[in-house]
Amino acid sequence: MATSNVSPPSTLPETGFLPVDPALEAALRAKGEKLFARMAAHPTPGIFSKKGAYARLMDWAMQDPAFKTQLFRFVDVLPALDSSAEIVRHLQEYLGDKAVALNPALKTGLAAASLAPALVAGPVKAQVLDMAKQFVAGAGPDDLIKQLRLNTRAGRATTIDLLGETVVSEAEADEFLRRNLEVLDTVAAALRAAPEPGFSDVGPAGPLPRLNLSVKISALTPDVHPADPENSIVALKERLRPILRRAIEVGAFINFDMESYKLKDLTLALFRSILEEAEFRAGPAVGIALQAYLRDCERDLRALIAWARERGRPLTVRLVKGAYWDSETILARQRDWPVPVWSHKPESDANFEKLCVLLLDNTDVVTPAFASHNVRSCAHAIVQAERRGIDPRAYEFQALYGMADELKAALQQSGHRVREYCAVGQLLPGMAYFVRRLLENTSNEGFLRQRNTGEATQEQLLRNPVELLQTGTRKPDTGKGEIGKASPVSGARDPVFRNAPNTDYTLAAARTRQRAALEALALRLGRKCPLIIGGRKITDRDYVPSVNPARPNQVVGHWAKGTLADADAAVAAARAAFPAWRATSADARAAILERAADLLETRRMEINALIILEAGKPWVEADGDTSEAIDFCRFYAAEMRRLGRPEITQRTPGEHCTQLWTPRGVAVAIAPWNFPLSILTGLTVAPLVAGNAVIMKPARQTSIIGALLMDTLVEAGVPPGALNYLPCVGGEIGNHLVAHPQVDAIAFTGSRAVGCKIWELAGRTPPGQANLKKVVCEMGGKNALIVDNDADLDEAIPAALSSAFGYSGQKCSALSRLVVLAGVYDRFLERFLAACPTLPVGDPALPGTVVGPVIDGDAQKKILGYIEQGKKEARLAWQARLAPELTAAGGYYVPPTVFADVQPEHVIAREEIFGPVLAVMKARDLDEAFALANGADYALTGGLFSRSPSALERAQREFLVGNLYLNRGITGAVVERHPFGGFKMSGGGTKAGGREYLQNFMFPRAIAENTLRRGFAPEE
Ligand SMILES: Cc1cc2nc3c(=O)[nH]c(=O)nc-3n(C[C@H](O)[C@H](O)[C@H](O)COP(=O)(O)OP(=O)(O)OC[C@H]3O[C@@H](n4cnc5c(N)ncnc54)[C@H](O)[C@@H]3O)c2cc1C
């Protein structure tokens, strides 16, 4: 064994990366150069070296990022296209202009393609499949066995990966399990017939399991809920146990691949938990992948090593950098969560090197598997191992099938064990894997691209990443969990306002805090909430109990029932408080809202708990409600600061011309129960910060949450009378307030019937009324989502499920009409209906629940009535069976229900149901789909899943709704990002959380002052 003469480092630094060690660098350079030299002796055709179309396409893709995006998007949609005409249409839509710009000769080809689609589509598809084949070792077990034999002969070990990642139903997960078991059986049988191991199949203690299978947990169950790891682990184990048992029987090795960050803790917990079960304590041989691009990878690796040592359970750790860097970065930024990955490529490289040392220092319990195509990363591992005198057979290198073949050969020639990761399966469903490989091959900073295109010299490729960080323009990351904030796109406004990040319940600490808050609240339920009028608490009214819809015998609190006289008193108190409140500066009013936002933020868990219990919202939805309330406070505060400054209307000599805003007077906020905190907050604080005195009338079902908001705003500094809390029962008091001559504005969200009544009442001008009333009116929806023939069903199915059934369909934005194009209708429906039973229906106090109860008995009765109606007019395609314990406690549950083959004239296709009932409709083509979608009385939200650029463009023009969502779910509007509100019978066209919202509660005033006095004017 070659041993370098450089001595090993005494200890691994606790923080930071490995210090630069000149002696080690010299040894590493020598090793790297040798590897490069050996690689040169084994040139292999790869994606860059193939002649013809691929090479040219890859070349163009690397020259032009926009073309690369279009090309890879075309590759991604190709499997979903089932006719030549469709292939050609997409080809032209994606590549038309761009390809022509790169190569004018293509123009003729693309134009001719329309004339003879079959002549073009076939070869295009064949070429893409041929490209994909480079990365996939075959379609099934037979191909795999062939590849395994080839590998063995070439001295390489193999790990098998079955393509197919997203499963949306139990049936798909069962199929994945079946395929895994089949592979274990058939490959084991084939190996028994050829018992001679290859060079890489022998470790220091003898032969290693030759059958090595890599599994992805997301393919094992559709029930993966990162916020509910306990139950997810139970579900995952159901399918993992048979695999591990079979692995023991056939002597196979099982590796747990690592996927996205949200599954990381869950995967680690599952790994440990199942291996602690008695039957798996000693076998099978196992491993797990860890991703060095994660900032917390070192912590995880140390914990895993400690666990393995404590349990005496040897394992393999496959160290990778990580395959999901872009999506981890984008998603974290979108959510304003700490970005979990390092931000600079050399940081991931440096971390890889540090963790490589950690692994090599613990080879008594771990077998390191270095999975990298980067010569520097591999050379570093070898030199560090040599320093420690480690037998090269005690660790291995791993590389992907179809990639870095020269490196594999060079490593083998240098006496190292190499394992090839062989993906097998149908090419078309495996397109996601192929696209990831394309991205990896063409990534700007990736080793493969830099080497294969000659963008970097050998010397540059071997440079120490820590040195690069120190000497380059890039500063090393502090590792303190940078909060990434997307830089505003061009033309976007200054980011004065930032959305409050939701809680990341994948973190155990967040779950513990939420659970504790729920337990604490359960101990102090039953609070009495008096009216608050003019700053006075009115305690001697009748009290109404507010109950938990999941367990109606649990009283959350009691609220005092306001009377007509109280309504008059509230108007009088507001009128009296108005002048002083109007005179309070816009900045001071805004500061009060910002304080309220801070208070809500600090009490988030407690507030979430109250929303969970009083409104029956699942954890994630309750947390989103709290975030939105915080956002409304901060956004409207920022908006008021802006509007509070007079704006110069026109600059003209001798005259100073401005426009400014003045509040209307007294506003009434009438809120619904479905966003019990956020909508109530928005309707209240918008008129309030604009300088109006407000009477807040929360929904009767959620008036305890209303009291909490009142307390918060008072604590933040809203003076007596400027805000009044008036919960009450029935429409009489609401109507009285709306019609009151001393009321100037009404902010309402609720049903169409009540909204239309308010609109009408407010239109009258009784004697004594000073102003024409302004009504901000947001009503319901009958929202449609269109699924195009070429839609990505792996994305569309979960999005449709959560849009239709999240919070039991009780959002005004919820999906109620799913319009599916004929070409994909049967395929979609089959998968969608199979996915429906995976919806967790249960008590919202449990973290994994997605569908809880509906709000009360009346709502339950009404929705059940619609279900009966649906049974008469359409086909009942699926209905959940409610667990007996849910109904035993009297909870207001309605089983989520899907009707198929619904016709536009059916009642369930026309009326708003406000519950977990979905109507699926078939459309001949996009013309009919848009006609169906637009053919409702409402125009609130809508969506389209399509991978056709022209269809997406068309939706923007023709799908007439207030909030249109493309290739995503149709609920979950975020303040400022998605100003929310619709038209037709959905509302008056105002946009909550939008830039024009506050102006609804103010009058504009224009002031012109002649500045020319005695012939002179101040300079402007
Ligand atoms: C056998 C095998 C098994 C694998 N299994 C898994 C697995 O289970 N899970 C998984 O996630 N991946 C897995 N991968 C994929 C692997 O993550 C990528 O192939 C690998 O990251 C590429 O690294 P490299 O060292 O070969 O190339 P390099 O070019 O040296 O590194 C590229 C990597 O650097 C990181 N990076 C890129 N840009 C930045 C940036 N700006 N800031 C910080 N870091 C950046 C990314 O991780 C990127 O993939 C596996 C790879 C192999 C070979």
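Helix α9, residues 229-250, packs against helix α10, residues 264-275, at an angle of about 55°, and their axes are 10 Å apart. The axes are lines fitted to C-alpha atoms over the stretch in contact, with angles running from 0 to 180 degrees between N-to-C directions. That makes α9 oblique to α10, since under 35 degrees counts as roughly parallel, over 145 as roughly antiparallel, 65 to 115 as roughly perpendicular, and the rest as oblique. The crossing of the two, α9 and α10, is right-handed: the near helix is turned clockwise from the far one by less than a right angle. Helices here are DSSP runs of H or I, at least four residues, and strands are runs of E, at least two, numbered from the N terminus.

A word on the source. This is a predicted model, where local features need pLDDT of at least 70 and side-chain atom pairs count only at 80 or more, while totals for chains, interfaces and linings use all residues. Residues are numbered from 1 along each chain as its sequence is written, and side-chain values use heavy atoms, without hydrogens and water.

Now the ligand. There are 30 residues around the ligand (a heavy atom within 4 Å), and G322, S348, S372, E440 and F447 come nearest. Polar contacts are pairs of N or O atoms within 3.5 Å. In one of them, a backbone N or O atom of M258 is 2.7 Å from a ligand nitrogen. A polar side-chain atom of R318 lies 3.1 Å from a nitrogen atom of the ligand, and for a side-chain N or O atom of W325 the distance to a ligand nitrogen is 3.2 Å.

How values were computed: A polar contact is a pair of N or O atoms within 3.5 Å; within protein, one must be able to donate a hydrogen and the other to accept it, and residues adjacent in sequence count only if both atoms are side-chain atoms.
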